[in-house]
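Here are my notes on this one, point by point. Have the model open while you read.

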Amino acid sequence: MAKSANQKLKLLFLAKIFQEKTDDEHYLTMPQIIAELGRYGIEANRKSIYTDLDALELYGMDIVKTRVGPNTYYHLGCREFEVAEVKFLVDAIQASKFISEKKTHTLIKKLEQSISTYDASLLERTVTVSGRVKSMNESVYYTIDEIYNGITNDRCITFRYFSWNVKGEEEFRRDGAYYTAAPWALHFDDEKYYLVAYDMDMKEIRHFRVDKMRDVALTDTKREGKRDFESTKKEKYNSQYFRMFGGKIETVTLKCKNAMANVIVDQFGTEVRMRPVDDEYFTVKVDVAVSEQFLGWVFALGGAVTIAGPDSVKDKMNDALLKCYTEE
């Protein structure tokens, strides 16, 4: 690029230098700023840089000037993202199972651009340790985008849906035929995204793992199933559906040890009424989809939470336990 062309970009390169080369611990003097601009083929003098710094401040950049003896030091103060916020976002990205390993590093690299290179180097040391099971579906981001297009434009989507077989291979359901569904909501549960949609073939609301959807495309078909969707009381997905598995919604009475109060509130919310039984136990009534996942959740609490009623749900738990411990 010719020097004259670079000269026209001086203000942009100056902002880049402050973004990358300075922070609350690292400063630049005026000669250093001039030298950094020179690396981009830009000649500058103090007077023009003073004018540029005023323009950057007017634009909204927090250019901080610190006078120490005869010298003045400059650095970028407040940023759009503080380092602690970027670290928080990095942790969230690393912990997300639906984000592939490759995309994890891509997103983190983009986040690093919002902080100085010095802070980014510290961040780099934390991202090399992963060891988490990550999604293998690179297209999940585009899938989510297409789902939102369907919701926004009130249109159905088509897709193929798969499960993993014992060989670790993708095995498409319905013999690879396309599903046609009306997308109504995306729900995040157990570190996974689920599509809440009206299956146009089955004529019912169903939940689909977004990372198991392939070849998603928007159609011209108008959505159906709004009444069915609203009747599912979408605001209660977290408390009623376990791992987004469906089932008949029933009012279940749970008998719990007092130490389980936090667990109950975390799962069912603060509106539940916990009634003391004695000094050690309380009971609570909750509306849940009685699925194997719900029964498994109760079982995993090791007897600290038990099903007190109704009898039909107690029978389902007994049958599930019998099935687990009985060989065919």
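1. Start with Asp175: at 83% relative accessibility it counts as exposed (over 50% relative accessible area; buried is under 20%, partly exposed in between, with a 1.4 Å probe and protein chains only). Asp175 sits in the loop between strand S4 (170-172) and S5, and has a positive phi of about 55° although it is not a glycine.

2. Some housekeeping. This is a predicted model, where local features need pLDDT of at least 70 and side-chain atom pairs count only at pLDDT 80 or more, while totals for chains, interfaces and linings use all residues. Residues are numbered from 1 along each chain as its sequence is written, and side-chain values use heavy atoms, leaving out hydrogens and water.

3. Asp154 is another backbone spot to check: its phi is positive, about 60°, although it is not a glycine. Asp154 belongs to the loop between H8 and S3 and, at 21% relative accessibility, counts as partly exposed. For context, most residues other than glycine have a negative phi, and most peptide bonds are trans.

4. Pro310 lies in the loop between strand S12 (305-309) and helix H13 (311-325).

5. Overall, the protein has 13 helices and 12 strands (DSSP runs numbered from the N terminus: H or I of at least four residues for helices, E of at least two for strands). Of its 328 residues, 40% count as buried.

6. Which residues touch the most other members of the largest nonpolar core? Ile147, Ile157, Phe159, Leu195, Phe208, Val210 and Met213 do, out of 25 residues (a core being buried Ala, Val, Leu, Ile, Met, Phe, Trp, Tyr and Cys residues joined through side-chain atoms within 4.5 Å). H8 gives this core its largest share, four residues. A second, separate core of 21 residues includes Val272, Val284, Leu295 and Val305.

7. Phe208 deserves a click. Neighbours within four places in sequence aside, its contacts (heavy atoms within 4.5 Å) include Phe159, Tyr161, Leu195 and Met213.

8. Finally, helices H5 (residues 83-95) and H6 (residues 101-112) pack at about 175°, axes 10 Å apart (axes are lines fitted to C-alpha atoms over the stretch in contact, and angles run from 0 to 180 degrees between N-to-C directions). That makes H5 roughly antiparallel to H6, the label for angles over 145 degrees. Among the residues meeting there are Leu89 and Ile93 in H5 and Leu107 and Leu111 in H6.

Note on methods:
Parallel < 35°, antiparallel > 145°, perpendicular 65-115°, else oblique.
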